[in-house]
Amino acid sequence: MRRHPGRGTIGVGSLVAAGAVATAALVASRAGAPDVAAYVPLPGLLALVAAALAGVGAGLILARPRRDDRAALRVLSWWWVLGGVVLIVVSMWSATAVLLSLADTAPDAAKRVEMRLDAVKTGLTVGAGAVGLVALLLGVRRQWLGERTQAYQEYDADERRVTELYTKAADQLGHDKAAVRLAGLHALERVAQDNPEHRQTIVDVICAYLRMPPVPAAPGDGESMSQEKAVDPQELQVRATAQGILRNHLRWSRSEPVRPVTFWPDIDLDLTGAWLMKPAFVDCRMREARFGGVRFEGFARFDRATFEDVAVFGGTVFTGRAAWGEANYKVGFEGAVFRGDVMFREAVFGLRADFREVTFERAALFSRAVFRDRALFRTTTFAGDAIFGDAVFENEAVFRQAAFEGGASFSEARFTTVPAFWEATVREAPGVRRSWPTGWREATHDDGSGSARLVRDDGSGTARPIRDDGSGIARLVRDDSSARLVRDDGSGAARPVREGSRSGEPVGPRTGDGGPGADEAQADDQDAGHARGAGS
């Protein structure tokens, strides 16, 4: 059985149509519209149509869905039986009494006797009609009970079939052979696609499989093995398939105006403590996501993902092992939207963490997180509190053009290089506490916009702009043995050069950092170069 989609909407539409037809009937009555046919007046016909539409609309709105609400069958009460008897008696007596009273008005005795006999016959006929009406109601109820029984039998058969498929597929996940486990995953996917009410349960089963320790590879000759090589190759295929099922059915790109048929809405993910291999949740939408303690191996991507509720990444480890023969890895959240609180507390990013253009609509907690490679928060929006207390940045930290609209805390955060907050903006809000890395402070705009920007402070209490091209943005570079400001090539930005390089040769980005987002990474490399040049 299936729910009737749009039943309430159709019911409301029927009531609206009934009101419109009733209004038309009233207008036709007052205008003296001609009859449609003999003894068929147009206002009466419209009124009948309006009554039918109103009945259909009320029935659709008030009818219970048969899928979930299994109301207990109510036995026919003796009150209903008594009511039926009373209806029969009252209708028969009333008709007879009225007709007998009319018979008494006849002018002669013979006519009165004839009319009284007709009155008795008519009264008995009305009583018989009342009996027929009661019998009809009982027949309707009997038919409804039969249909109800049939519907529940079909429902039970459908549920038994789904349960059998689900149980068999779940059993296959525990099989020793990888091919059988793969078949079980695809069977679960098929069951979930055809039965929306079972999707969350099946997703929970798939997540539980991913949370279990992977099947180890056969023992080798004693040499040390990487994490990927320590897992059975066939098991890697099974886990990749499980991740692919989740990815394919949670993906709904923002460029698609219509929801895909394969998309599963309102799904929660609980992958706490799982081991995930190169997960790609690009354009995925999920309600609640729990990735606490997950170990991400390789290129982890959450670009343009949407988290409708809480997202937990506490204690997560993002490794940068090049076990799959690729030189470039990163943790990609580019363009993601977190609508609830998100927690990366004590997460370890062993590879580049890309949070460019991410929107945190509520609190973002990165306290005690460790960034072993570059941390990119360029053009990121922190609508809630941004907490980076005790975080460790072992490489460059780029917050260029980031927007801080709530509180911010970088207390006790440790930076190997000077963090880059070029063009970062801060919304001024009374009572909101913020603490910035050493050497950065807020400078209020004079345009009355109620916003501020972050500028470098050399210890004298004033910002040191190198050049100002009219944009109102100060840029700092360092002039020492490692880099110096030499010229303006027309691009509108000062370019540092290395000591000992050819005159005018700019400092280029680091090599070996290609792959996805390489162009953006070049710009961030230049920002990081500015940051290194601005230190001490």
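Aromatic pairs number 55 in this predicted model. The rings considered are those of Phe, Tyr and Trp (its six-membered ring), paired if their centres lie within 6.5 Å; planes under 30 degrees apart count as stacked, over 60 as edge-to-face and the rest as tilted. The F291 and F296 pair is tilted, because the ring centres are 6.0 Å apart and the planes stand at 35 degrees. F291 and F296 are both buried (buried is under 20% relative accessible area, exposed over 50%, partly exposed in between; 1.4 Å probe, protein chains only). W422 and W440 form an edge-to-face pair, with 5.3 Å from centre to centre and 70 degrees between the planes. This pair links distant parts of the chain, 18 residues apart. W422 lies in the loop between β25 (414-415) and β26 (425-427), and W440 in strand β28 (residues 440-444). Helices (H or I, at least four residues) and strands (E, at least two) are DSSP runs, numbered from the N terminus. W422 is buried at 4% relative accessibility. W440 is buried as well, at 6% relative accessible area.

The model is predicted, so local features need pLDDT of at least 70 and side-chain atom pairs count only at pLDDT 80 or more, whereas totals for chains, interfaces and linings use all residues. Residues are numbered from 1 along each chain as its sequence is written, and side-chain values use heavy atoms, with hydrogens and water left out.

A charge also sits over a ring. The charged end of R285 lies over W252, 4.2 Å from the ring centre. The criterion is NZ of Lys or CZ of Arg within 6 Å of the ring centre and within 35 degrees of the ring normal.

Two helices were examined for span and burial. The expected span of a helix is 1.5 Å times one less than its number of residues. Helix α5 has 17 residues and should span 24 Å; its end C-alpha atoms are 25 Å apart, which agrees. Buried residues of α5 are A178, R181, G184, L185, A187, L188, E189, V191 and A192. Their cover includes α4, α6 and α7. In α6 the buried set is R199, I202, V203, V205, I206, C207, Y209 and L210. These residues are covered by elements including α4 (109-173), α5 (178-194), α7 (233-250), β1 (269-270) and β2 (275-277).

E297, in strand β5 (residues 295-297), is buried at 1% relative accessibility. Its side chain joins that of R295 at 2.9 Å. E346 lies in the loop between β12 (342-343) and β13 (348-349). E346 is partly exposed, at 41% relative accessible area. The side chains of E346 and R368 are joined by a polar contact of 3.1 Å. Beyond neighbours within four places in sequence, E346 is in contact (heavy atoms within 4.5 Å) with G315, T316, S367, R368 and A369.

Key:
Polar contact = N/O pair within 3.5 Å; in protein donor to acceptor, adjacent residues only side chain to side chain.
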